[in-house]
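Subject: Structure for your review

Dear colleague,

Please find below the structure that I am handing over to you, followed by an account of what was found in it. I would be grateful if you would read the notes alongside the sequence and the coordinates.

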Amino acid sequence: MAVSAWRIKDTTVEVVRGDLTLQDTDAIVNAANNKLAPGGGVSGAIHRAAGPSLWEECRTLNGCATGEAKITGGYNLKAKHVIHTVGPVYSGSKQDAVLLRQCYQNSLAVALSNGLESVAFPSISTGIFGYPVQEAAPVALQAVRDFIQDNPGLKLVRFVLFSEADYDVYRDAAAGLFAG
Ligand code: AR6
C-alpha cells in the first residue's frame, strides 16, 4: 500500500492510497451534503458500509451548514465515529478555500472535543462538488498543519486517497509543505 508520513509536533500526518470506509481510526470524515443524506461518492460508500442506523442518526441532526462538522456513531464501520462535514461546491471564488479550510479544521475540533486521537479524511469536495484536486490538496494540508500547530492532542491524521493520481497530488503537496 502506498503510504507517506510526516511528523508535525506530536501528530503523525499520513497520506495513503486506499478506501476510507476500511480505516480503523477513531473517526472517519464524511464528505457530506447539507441534508446529511447518504448521496453518492464517498458518502454513499460510508452509509452502505455503516448500515441504515447511520442515516437514522443523521436524520436527527437537522442537516449541516457548509464548512461545519457534526459527529455520529460509526455503526458497522471499523471507525467508532463518523464526522460529517460539508465541503463547498467549487465556484472558482476565494470563498471556496475559506470554506474548505473550515471543513478540515472544524472536523478536527469536533474530534478533539470528543476525546478522539485519530482521524481519517477523504479529499473533500474534489469529486461530485468539482474542486480541482491540485487546488484542494494544499488547502487541505495547510488547514490540518495549522490546526495541529495550535491544538495538541491528536496522534494521527490520515488523508485517504482513492485514486493513484489523487494520492500523487497529495503526497507531492505534503512533501513541499511539510519538508524541513
Ligand atoms: N475512499 C476514499 N475516497 C473515496 C471513496 C472511498 N471509498 N469513494 C470516493 N472517494 P465525493 P464531494 C473519493 O464526490 O466532492 C455526495 O453525494 C473521490 O474519488 O465523494 O465532497 C455527497 O452526499 C473523491 O476524490 O465528495 C455530496 O452531495 C473524494 O472521495 C457530494 O457527493 C470526494 O468525492 C459531496 O461531493
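Is R17 buried, partly exposed or exposed? With a relative accessible area of 34%, R17 is partly exposed, because that class lies between the limit for buried, under 20%, and the limit for exposed, over 50%. Please bear in mind throughout that this is a predicted model.

The ligand and its surroundings

The ligand sits in the largest pocket. There are 23 residues around the ligand, and those that come nearest are D19, N33, G40, V42 and I128.

On the side-chain side, a polar atom of D19 lies 2.8 Å from a nitrogen atom of the ligand. The backbone is also involved: a polar backbone atom of I128 is 2.7 Å from an oxygen atom of the ligand, and a polar backbone atom of F129 is 3.0 Å from an oxygen atom of the ligand. On its own, the ligand has 710 Å² of accessible area, of which the protein covers 89%.

Two residues with positive phi

Most residues other than glycine have a negative phi. K9, which is not a glycine, has a positive phi of about 50 degrees. Its place is the loop between β1 (3-8) and β2 (11-17), and K9 counts as exposed because its relative accessibility is 58%, where the class requires over 50%.

N62 is likewise a residue other than glycine with a positive phi, here near 60 degrees. The loop that holds N62 runs between α2 (52-58) and β4 (69-73). At 72% relative accessibility, N62 counts as exposed.

Partly exposed positions and their separations

To return to R17, this residue belongs to strand β2. R17 and A49 are separated by 32 residues in sequence and by 19 Å in space, C-alpha to C-alpha.

L177 is part of helix α5, which covers residues 164-178. With a relative accessible area of 24%, L177 is partly exposed. Along the chain, L177 and H81 are 96 residues apart, and their C-alpha atoms are separated by 29 Å.

Y75 occupies the loop between β4 and β5 (81-85). Why is Y75 classed as partly exposed? The reason is its relative accessible area of 39%, which falls between the limits of 20% and 50%. Y75 and V139 are 64 residues apart in sequence, and the distance between them in space is 30 Å, C-alpha to C-alpha.

Yours sincerely

How values were computed
Residues numbered from 1 in each chain as written. Predicted model: local features only at pLDDT ≥ 70, side-chain atom pairs only at ≥ 80, totals over all residues. Heavy atoms only, no water. Near = heavy atom within 4 Å. Polar contact = N/O pair within 3.5 Å; in protein donor to acceptor, adjacent residues only side chain to side chain. Areas by Shrake-Rupley, 256 points an atom, 1.4 Å probe, with all protein chains shown as cover. 1 Å grid on protein atoms, 1.4 Å probe; cavity = no way out; pocket = protein on both sides within 12 Å on 5 of 7 lines; lining within 4 Å. Sits in = over half its atoms within 2 Å of the grid points. Helix = DSSP H or I, 4+ residues; strand = E, 2+ residues; numbered from the N terminus. Buried < 20%, exposed > 50% of the residue type's maximum accessible area, 1.4 Å probe, protein only.
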